[in-house]
Amino acid sequence: MTTLASGTTASHSEKDGLTRDALTVLQPGFPGTTAPDWLLRRLGEGLASVGLFGRNIASPDQLSSLTAQLRSERDDVLVAIDEEGGDVTRLEARTGSSFPGNHALGAVDDVNLTREVAHELGRRLAECGVNLNWAPSADVNSNPSNPVIGVRSFGADPELVARHTAAYVTGLQSAGVAACTKHFPGHGDTAVDSHHALPRIDADSPVLERRELLPFRAAIAAGSRAVMSAHILVPTLDPDRPATLSLSILTDLLRGRLGYDGLIVTDGMEMQAIAATYGIERGSVLAIAAGADAICVGGGLADDETVRRLRDALVGAVRSGELPEQRLAEAAERVRGLAQWTASGAAASTPDEVSASRASTASTAEVTRVDIGLVAARRALTVTGADDFTPLTEPPYVALLTPVANIAVGDETPWGVAAELAHRLPGTETAGFAGEDAGGAVLKAAGTRRIVVVVRDEHRHPWMAATLDTLLAARPDTVVVEMGVPQAPPRGALHIATHGAARVCGHAAAEVIAGT
């Protein structure tokens, strides 16, 4: 018998059950393209989920082998991934995504198209053995200065975001992949990236209700199997603790008022909004106590020591009486329940609305599953100046005005239009530029060649706007491609807003520039 801190006793089987529950609620990442021995051992001990990142994926075949390796140890393991399509891709981190992101889909505003894109993305994930996607983003991008959401949002209109969130959830889950709608209660009205610090939203309750919460209500109504919490402080809802650690937000609001009964997953606990203030061990205990069911960790921390520390912190909190054992058991049961749902194939059917959207899309063009992303990217373009523009026939010089990388996006994923233009106009050259002297540097590098300048959120970067001023004053025939949120007024001989920087967005823009 084992004596607990409270003076009660527990059998070894009860102790083992507690340890298994503590492992079950963790969603750790890991290094490499094969599963390390420690991870396989932890799966045998009770770990029920793993998280995949770009570092884990080299190709679809390799990913399929990796997930098969995980399932050889535990056949119902939840394999999660942060695959939003668009700017945030893990499946195609080395090449850029075959699917435009949320902002492009919102710009088209065709829920059938959104549903079909999500279904095809889910089909590809399921084919590789992934069954939980940390997507879609249901954040309303109401703050144009937001440094972390931007094109990851369907837009700034809550009703538009709500209907596309619901369509995305339906499409993804019809492919057998559980959706994880994020970042509750809404990360759109922030000017701080929670990877670096704790953002704060000072909206009152009526604003939160009609803006932030509307898309989450739609996701819940659509049957989203999981919801991810945000590391943000919303004083109207809880003046003391960020949403991930807030009983008022996760239990009273999400479970109570919104009636949600699915899995609640935290955003990455190693993010500075939590780690710098609470630490990941203390933060994980508080998150489970507040109502979270699964602890996501591994974007930056991915080793057995981290898993052990978090497991021991949860077990210790139960033994000390800080964390009710029933709360931990309830969280673990929700994780197992979702694992069973995905393993059973219950979601892998095509509902009527997905079939209808496929028929609707095919009615205008013979669209295959493979090119639905490009179809969507083409439809998402907003082109200004096309009437007076003659497509290029000579290779241009492509200047990529490169902002600091968004951590959620990563700095390894290629973006822009140069590669796609080079296919059409051999000899196209490109380089990246940044800073106050970028305009002069571009003019010098381009020489007499036609300039195509690619920007990302011009409105958020004064140096970028100043560079465009310099280029357009000297070379009015410059083509401008905006691959972020097109908040700044269009300018240039031709201005193309792609509403995202996915590979297919660059493809669609290059077709316009080169006329092919």
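1. Helix α13 (residues 325-344) lies across β4, β5, β6, β7 (178-184) and β9, and runs at about 90° to β5. Axes are lines fitted to C-alpha atoms, for helices over the stretch in contact (heavy atoms within 4.5 Å); angles run from 0 to 180 degrees between N-to-C directions. Helices (H or I, at least four residues) and strands (E, at least two) are DSSP runs, numbered from the N terminus.

2. This is a predicted model: local features need pLDDT of at least 70, side-chain atom pairs count only at pLDDT 80 or more, and totals for chains, interfaces and linings use all residues. Residues are numbered from 1 along each chain as its sequence is written, and side-chain values use heavy atoms, leaving out hydrogens and water.

3. The open sheet has 6 strands in the order β4-β5-β6-β7-β8-β9, with parallel pairing. Its edge strands, β4 (49-52) and β9 (263-265), each pair on one side only. Two strands pair if DSSP finds at least two bridges between them.

4. β8 (residues 226-229) is joined to β7 by 3 bridges and to β9 by 3 bridges. F184 has S229 as its partner in β8, while V227 has I264 in β9. A226 and M228 point one way from β8, V227 and S229 the other, and all are buried (under 20% relative accessible area, 1.4 Å probe, protein chains only).

5. S153 is in the loop between β6 and α6 (158-174). S153 counts as buried because its relative accessibility is 0%. Its side chain reaches the backbone oxygen of D139 at 2.7 Å. Beyond neighbours within four places in sequence, the contacts of S153 include N102, H103 and V161.

Notes:
Buried < 20%, exposed > 50% of the residue type's maximum accessible area, 1.4 Å probe, protein only. Polar contact = N/O pair within 3.5 Å; in protein donor to acceptor, adjacent residues only side chain to side chain.
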